[in-house]
Amino acid sequence: MEGDILEDLMPYLTDRLSRVYNKNSEYKQAVENESRIYEQLKEGLTDEQRKQLERYFSATKETAGICEKLAYQQGIKDLF
């Protein structure tokens with residue numbers, strides 16, 4: 001039952017967290033820096049290398065998203 005409640009709440013909690021991120025100037029600067037470096041990196045790659053890099057970033061972002069979700073859920077559990 002506990003897991004079901006957390007799963008039901010996650011869309012609302014992640015939406016709220018997204019709004020917090022988007023209001024944070026340090027986060028915005030980090031994203032801009034990340035994008036700038038990524039664009040510079042892409043310029044020197046072949047099409048196949050670019051595709052592999054995109055797949056890698058997709059996989060690492062998926063992993064990071066899962067870690068963030070688990071950490072958030074554990075934090076909620078730790079409150080009780």
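Guide: Helices (H or I, at least four residues) are DSSP runs, numbered from the N terminus. The model is predicted: local features need pLDDT of at least 70, side-chain atom pairs count only at pLDDT 80 or more, and totals for chains, interfaces and linings use all residues. Residues are numbered from 1 along each chain as its sequence is written, and side-chain values use heavy atoms, with hydrogens and water left out.

Visitor: In which helix does Gln-73 lie, and why is Gln-73 called buried?

Guide: Gln-73 belongs to helix 3, residues 47-79. Buried means under 20% relative accessible area, exposed over 50%, and partly exposed in between (1.4 Å probe, protein chains only). Gln-73 has a relative accessible area of 9% and is therefore buried.

Visitor: What is Gln-73 in contact with, leaving aside its neighbours within four places in sequence?

Guide: Contact means heavy atoms within 4.5 Å. On that basis, Gln-73 is in contact with Leu-6, Glu-7 and Met-10.

Visitor: Why does Leu-53 count as buried, and what does Leu-53 touch beyond four places in sequence?

Guide: Leu-53, also found in helix 3, has 16% relative accessibility and so counts as buried. Not counting residues up to four places away, Leu-53 touches Tyr-38, Leu-41 and Leu-45. The buried residues of helix 3 are Leu-53, Gln-73 and Ile-76.

Visitor: Why does Ala-71 count as exposed?

Guide: Ala-71 lies in helix 3. Its relative accessibility is 52%, so Ala-71 counts as exposed.

Visitor: How does the reach of helix 3 stand against the expected value?

Guide: The expected span of a helix is 1.5 Å times one less than its number of residues. Helix 3 has 33 residues and reaches 48 Å from its first C-alpha to its last, close to the 48 Å expected. Helix 2 (residues 25-43), with 19 residues, reaches 28 Å, close to the 27 Å expected.

Visitor: Which atoms come within 3.0 Å at the start of helix 2?

Guide: A side-chain oxygen of Asn-24 reaches to within 3.0 Å of the backbone nitrogen of Glu-26.

Visitor: Why does Leu-9 count as partly exposed, and which residues make the nonpolar surface patch?

Guide: Leu-9, in helix 1 (residues 2-23), has 37% relative accessibility and so counts as partly exposed. Together, Ile-5, Leu-9 and Tyr-12 make a nonpolar surface patch of about 320 Å². Patches are made of residues with over 30% relative accessible area and no salt bridge, like charges being joined within 9 Å and nonpolar side chains (Val, Leu, Ile, Met, Phe, Trp, Tyr) within 5 Å. A salt bridge is a side-chain nitrogen of Lys or Arg within 4 Å of a carboxyl oxygen of Asp or Glu.

Terms used:
Helix = DSSP H or I, 4+ residues; strand = E, 2+ residues; numbered from the N terminus. Polar contact = N/O pair within 3.5 Å; in protein donor to acceptor, adjacent residues only side chain to side chain. Areas by Shrake-Rupley, 256 points an atom, 1.4 Å probe, with all protein chains shown as cover.
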